[in-house]
Structures are given as structure tokens and as C-alpha cells.
Amino acid sequence: MIPEIGTFALILALLLAVTQAVLPLVGAQRGNLTWMAVARPAAWGQFTFTLIAYLCLVYAFLTNDFTVINVASNSYSNLPAFYRVTATWGSHEGSLLFWSLILAVWTIAVATFSRTLPEEMVARVLGVMGLISIGFLSLLLITSSPFLRQFPGPVEGSDLNPLLQDWGMIIHPPMLYMGYVGFAVVFSFAVAALLSGRLDAAWARWSRPWATVAWAFLTLGVVLGSWWAYRELGWGGWWFWDPVENASFMPWLAGTALIHSLAVAEKRGAFKAWTVLLALMTFSLSLLGTFLVRSGVLSSVHAFAVDPQRGAYILGFMLLVVGGSLALFAWRAPRMVAGGAFTWFSRESLLLANNVVMVASVAAVLLGTLYPLFIDALGMGKLSVGPPYFNAVFVPLISPALFLMGVGPLMRWKGDSVPDVLQRLKWALGIAVATGLLLPLTMEGYKPWAVLGLGLSSWIALTVLIAFRERVKTAGQLSNLPRAFWGMHMAHLGLAIGVAGITMVANYEQELDVRMNVGDQAQMAGYTLTFMGVQQYAGANFAATRGTVIVKEGNAEPFTLYPEKRVYNRSGSVMTEAAVRPSLSSDLYVSLGEPLNEELSTWAVRLYYKPFINWLWIGALFMVVGGFLAASDRRYRIGAKARAPAGPAAQGA
Amino acid sequence: MKRWLPLVFFMVLVGFFTKGLFLNPREVPSPFIGKAAPTFSLPVVGDAQKAFSPADMKGQVWMLNVWAPWCVSCKVEHKLLMALAESRTAPPIVGLNWKDKTREAQELLARTGNPYVAVPDDLSGRVGIDWGVTGTPETYVIDRNGIVRLKHVGPIDMDIWQNKFVPKLKELGA
């Protein structure tokens, strides 16, 4: 009964989405206020029914209703209740419903926080969001219902994929979807502006906080995915350039370009066409990710079950949304007037250069991701593109952007003088070059990539310090600085920390595959590891073999690591649970390989030493906090009409 | 014209995606297609005294199905293989039992039915490497002269059977 209510609620949500899309959009075009006023209540209704549908699915999972096919194939009665709730977004159908729910959440957020916007704009934005909801809700109802039943139901379900039974996986998808779908808001603002033909600084100011919040969520989502892969896959890697990872990374790169370009559009009225295009592109890349993961056109470790019918449906939907918006863009582009003028050496020109680099990086990642498909479709054979391509292309592309990132925030709008900027930055430049050249001397092996990475990282960090010093001089004290300033520099500092971590782990990690008998010792990076054998124990839904490894470093107190190998009862899948000893300067990572004899006394053991890997996660966290801080700046809260003065450097002509 | 470029670029991508929907990225062409099937001699599950070799099948069209008791998608495929074997619409199927470390194959086949004419036991996975097996299940079609004619990666369903195997088998005169 409950699952049928779920289906029914989905149908009602779809009907309300149609109302939310059609009436306000037509009303805005005709200037009919009554029709425009439908947008907000329809959005609330759509949210309510999508939520009901989602709760029905949660209920089916919690009560182990195995007549529901989705529950039978993704859950199991011994699965802890916690994971039964998260299993709702572990499958293709469930995650689509979750996508729709998050879209509905963003929609009511727009409906609530848009009181200061013109009614016509609100109607158009909610209308476009309604169109996107129609696409997803009908996809759910037509090809991917999570509420399909089978009679008689199986006695037992076939368990949630053990890889997903991890708390990193619990929060990763919601954050990622918050990011993807958040860009749907920015997309809708862009389309609404194109429809109305009014692309001005006000449009950029309305979009900006939404873009920044979406970007912060996406950052969190991407980095949680990476953190999960690091801990859960047992390979010690944190980024694999897998198509699905790339699918989340491309919107992130485009979104990063977008939030910077929006700054120029808001402050200086320049780059309007470019900014709109980036807004369309960022959400299009999010949709592309959805398509790639669910259609089976690329092979990936994370892909959902492949179904060409679903793939065709999502492709058709993408054609309408992306193709339609790009056609609208081409049609309206001539109406966009150029903004304020600027010279080649100004904050605008540096942001533009940064944007070009970001978009080039997106193109490089897109090419590498889709290359196997292009070659296959052209009948030229089968191949795969691996990390060597991405590392070789991406690192040189992004390095100049990291350098410009240090200069840009310190420059004036419109134009600045080269000697002046050089004067302000010479100390930072000198220290950064010295750090890059000298710091690797203290490490094992002098590597050019380490010189570059550490140099750039310290360059960014030093310029952030200079920015604070200069601003405090004019503003008096730190607490007078606006949150946007804090947010931007925190995010930049976060990137500096992250770059340092990536540089260190990529250049100086150590890996050791050893055969260990009980009592055997291995040496790595100054640690002595002693293997003490394995024990068996039973978990809630798995049986585990737990190894004990005692680690000693110099005269310090020894500590113990417990790497595990788990066999999940229901599916029989074997999972490797690595044991990690984290610290600020390095991780020691031990994972249990295969037993090498019948008595289980000798094992293949993998040891990794990962210097500064935690800086990566810490840096990302700085970026996320910085994003939220910037989005909560006073000038967005006091509304669109009253504009607060935003510091001397921000004043446009 | 510049403003139409994003749309044009996107439409080209859509073209590729449309084509991509009809391709299977997991299917890697086997270098053995059109070449002689690698030979081997392995003990048979259930009777360690007897051995199986591809030479035993000479003169007839046959299929080699690579499976394992621990493989979940093989269990799905097993139902179809049973139906094919019972209705005699398929040529003889040999089931290469791949890396069966738990030694469950014999018991499993006794319980759920045996669609195979022989079940060679590739415990070490050596023969699988010779044949270029990338995972289970995989199915090969070998013609009367011992030449590999078709390779399918992943479980066979009715659709794949009708559209991929049946035409090839007809062509080979099975």
C-alpha cells in the first residue's frame, strides 16, 4: 500500500511541476501577475509530494518490504537500519528520486529567498526549474520507478553493495547532488535572464550567492568521494581519473570559472555573454555526468546498471535542456551589450585568463573522458585513457592558473600598473621561489614537480597574507573586513594547502608489497611494522578476518593497526578495509591482501606511506567554508535593491 | 556566427552519445577471433581421472562458457543455459570452471542443474589467461575446425542469444 502511495505522490508531483513550469513562464511572457503568482505555491506543492514519495521509499526500506524490487535488490534484513536509509540513494532509481527531492528543496529555497526579486524574474526562474523537475519526475515514472513490485517477493534481499556501506558514502551523494542541482538554480537564473532579454549586473548579483553555495556543496561532494575512495577501495589512491570522477570534476572546474566570472559581471558588468555561457555549461556538465553514469556509454567502476532505454531518455532530456538553452543563448546573444572597458593588466584581464585556463582544463578532461567513446563510435577500435594522459595534460594547464590566482585578487579593476604590482609582490615572489627551490632539498629526491607545486602553494599562501595586510591597513581591523573577503581568501588559502598536499603525496609517497608471516617485520619511512597474525570475528552482516600490525617509530610509543578483510554474508563480496594511522604530516596505510597459505599465517600485505595527504582534505574543507562565508556576505542578505558599499577595490565606475 | 558555436559543439557530442548508446564499452574484441582456439588439457569436475581438451570437440560447433560458483551474474545466466541445453537449441556447451577455490562447482551443479557436456576445472586460472578471459561470465563459439568465431563478455540474456549467437551459429551451420 505505502509504495503505491509513493507512485501516486510522484504523479501528483509531476502534475504540479507542469503547473509550476507552464503558468508562470507563460504569465511572465504576457505580464499576467495571477499566473506568475502560481509559481511559489506550485513549487511548495511539488516539494511536498516529492518528499512524500521519498518517505514512502524510506519506509519500504526500513520495513524490509522485499516485494518492492528496488528494496529486494539493494537491501537485506540484517543490514543495519542506518544503511537501509542510505540504501535509498544507492541504486539508479532511488538516487534519481533523491535528485528530484533535492531539486525540489532548491526550488523552495529559491521561492523563499527571492522576496526582493522582481515577480517576473521569480516566475521565470521557478518556471525553468519546474521544466527540469518535469524531466526528472517523468524519467522516474516512465523508465525508473523505485516502487515497482514483484509477487511473490523474495524472502530475503540481496544486500546493498558493500562498497556503499561506509559513512563516507552516506554523505557523499547528498553533497554532490546538492552541488549538481544547485547549479540548476544558476542555470535557471541564466535562462530566465535570456528569456527576459535583461542581462545586467543585477542578474549577476542574484545568481552569485546561489552559484557560490552550489560550488561549496560540489567541492564537499567531490572531496568526500575522493576521501571515500582513499579509505574504502584499499588501493591507497585518492583520484583515479575514472569517468565518473571526471563527471563530477568537470562541473566543478566550470563552476569555479563561473563564480569568478560572475564577480566580474556583478562588479564591472563585463563578460556577460561569457558568464551566461558558463552558467549554462556548468549545469549541462552536471547533466552530462548523470547521462554518463546511467547510460553505459563509458565503462567505469561506479556505473549504475546499464539500460539503453534510460540512456536514450536522459539523452533526449539533455538535448532539450542543453540544446534548448544554447539555442536561446545564440538567439539572445546580440542583445547583450559589452560592459566597462579594462586594460590588459587589470583584475578583469587576469580573471579572464584564469577563466580561459579553467575552460581549457574542462575541455582536456572532457576529451580524455569521451575519447574512448569517440574512437569506438568512429569504428577505430577500443582503447582506454588513463591517468598518464590526465596528469600530463592537466598539471601544466592548471599551473598558470595557480600563479595568476596569487596576483588577481591584489590587482585593481579596470587597470593597474605593472611596476606598482611588482613592488607589492616582490617579497612574496622571492620567498615563494626560494621555498620551491629549497624545501625539496630536505626530502628524499629533488623533483622538479615538487619545486613547482611547493613554489605555487607558498606563492598563493603569501599573496593571501599580503591581501590581508593591505586590507587591514585601510579597514582598521580584521573584524571590519566583509565576509566575501574572508571567504575568497580562505578558499584560496585552502587551495594552497591542497596543492601542497597533492604535491607531497604525488612525489614522495612510498609503497611496499610484502609477504608477511606471523612475527615478520617490514621497514618503511622510518617505521618498523610487525605482523602479529589474523583473527576472525563476525560483524552484523559480514564475517571478518582482522590482521594485527604493531608499528614502532624510533623511541615513540608503538601503536597497533587492524587492517581487515570482510566477506559480506549475503552477496559473498570480499571487501578490503584498510587501516590508516592519520596525522597532519603523513598517513600510514596498511591493507591486507590475499592469504598465501592454508593456515592463514602468511599474508600479502600492502603498506603505504602517504606524506601530507590530509592537507588535501583540510584544504578542501577551507574551500568549502570559504564558499559558505562568501555566500553569506552582508550585501546579499540586505537584498538586491539596496546595495552596500563593498570596499575600495570593489568600486566600479 | 560565433554565438552558435556552443550549440554546434553540443550537437556533435549528442551525435556521438546517440551512437554510443548502441555500443558496448565493456566488449573488447578478442585477438583470437578467426584464430585457432588455445589448447589445454584439464581434469573434469566430479571425475579427476578424466581430462577434457578442446581437441575432444573437433568436428562440431561448440561453445566454451567461462563461469565460477562465486560469480553472481553467472547464476543469472545459468537459467538461460539450462533452458538452451534442455531444448537442445544450442550446440554443446563446455563450462570452464574458473578459479573455483572453494570447490563448490560439483555440488552447485548437482543442486541447480548442469547445462554443460563437460566441466574442465581451471583452478589456477592459467587456461583462462591463455584464452584472454577478463572476467566471468564469458562465452566463446568455436567452429568445426577449432577456430574461435565469437566472444561475448558478460552474461547472455535472451536478447543477446537471439541477436548475436543465433545468426553466428546459423552461419557456422550448427
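This is a predicted model: local features need pLDDT of at least 70, side-chain atom pairs count only at pLDDT 80 or more; totals for chains, interfaces and linings use all residues.
**A walk through two chains**

A:Trp228 is buried, with 20 other C-beta atoms within 10 Å.

Where does A:Trp228 sit? This tryptophan is found in helix α9 of chain A, which covers residues 201-232. Now look at its contacts. Leaving aside neighbours within four places in sequence, A:Trp228 is in contact with A:Asp166, A:Gly168, A:Met169 and A:His172. Next, compare A:Trp228 with A:Phe612. In sequence, the two are 384 residues apart. In space, they are 17 Å apart, C-alpha to C-alpha.

Move on to helix α10 of chain A, residues 243-268. This helix has 26 residues. At 1.5 Å a residue, they should span 38 Å. The end C-alpha atoms are 37 Å apart, which agrees. How many residues of α10(A) are buried? The count is 25 of its 26 residues, so the helix is mostly covered. After α10(A) comes A:Gly269. The phi of A:Gly269 is positive, near 70°.

Helix α17 of chain A, residues 483-508, can be checked in the same manner. Its 26 residues should span 38 Å at 1.5 Å a residue. Its end C-alpha atoms are 37 Å apart, and that agrees. Helix α17(A) is mostly covered, with 22 of its 26 residues buried. An α-helix has 3.6 residues a turn, so residues three or four places apart point the same way.

Now for the strands. Chain A has an open sheet of four strands, in the order β1-β10-β9-β8. The pairing is antiparallel. Why is one side of β1 and of β8 left without a neighbour in the sheet? Strands β1 (510-517) and β8 (579-582) of chain A stand at the edges, and each has a single partner strand, so one side of each has no neighbour there. On average, neighbouring strands of this sheet are turned by 20° against each other, direction ignored.

Eight bridges join β1(A) to β10 of chain A, residues 602-611, and the two run antiparallel. Within β10(A), the bridge partner of A:Leu512 is A:Leu607. A:Val580 stands opposite A:Tyr589 in β9(A). A hairpin joins β8(A) to β9(A) through three residues. As you trace a strand, remember one general rule. In a regular strand the side chains alternate between the two faces of the sheet.

Step back to the domains. Chain A is divided into domain 1 (1-160) and domain 2 (510-614). Their centres, taken over C-alpha atoms, are separated by 43 Å. The two domains still have a contact, with six residues from domain 1 of chain A and five residues from domain 2 of chain A. On the domain 1 side, three residues are nonpolar, two polar and one charged.

Finally, turn to chain B. Here 20 residues of chain B are in contact with 26 residues of chain A. Which element gives the largest share of the chain B side? Helix α1 of chain B, residues 5-20, does, with 10 residues. By class, the side of chain B that touches chain A has 15 nonpolar, two polar and three charged residues.

Technical notes:
Residues are numbered from 1 along each chain as its sequence is written. Chains are lettered from A and ligands numbered from 1 in the order in which they are written. Two residues are in contact if their C-beta atoms, placed from the backbone, lie within 7 Å. Ala, Val, Leu, Ile, Met, Phe, Trp, Tyr, Cys and Pro count as nonpolar, Asp, Glu, Lys and Arg as charged, and the others, Gly among them, as polar. Two strands pair if DSSP finds at least two bridges between them. Axes are lines fitted to C-alpha atoms, for helices over the stretch in contact, and angles run from 0 to 180 degrees between N-to-C directions. The expected span of a helix is 1.5 Å times one less than its number of residues. A residue is buried if 20 or more other C-beta atoms lie within 10 Å of its own, exposed if 12 or fewer, and partly exposed in between; C-beta atoms are placed from the backbone. Domain bounds come from an automatic or database domain assignment.
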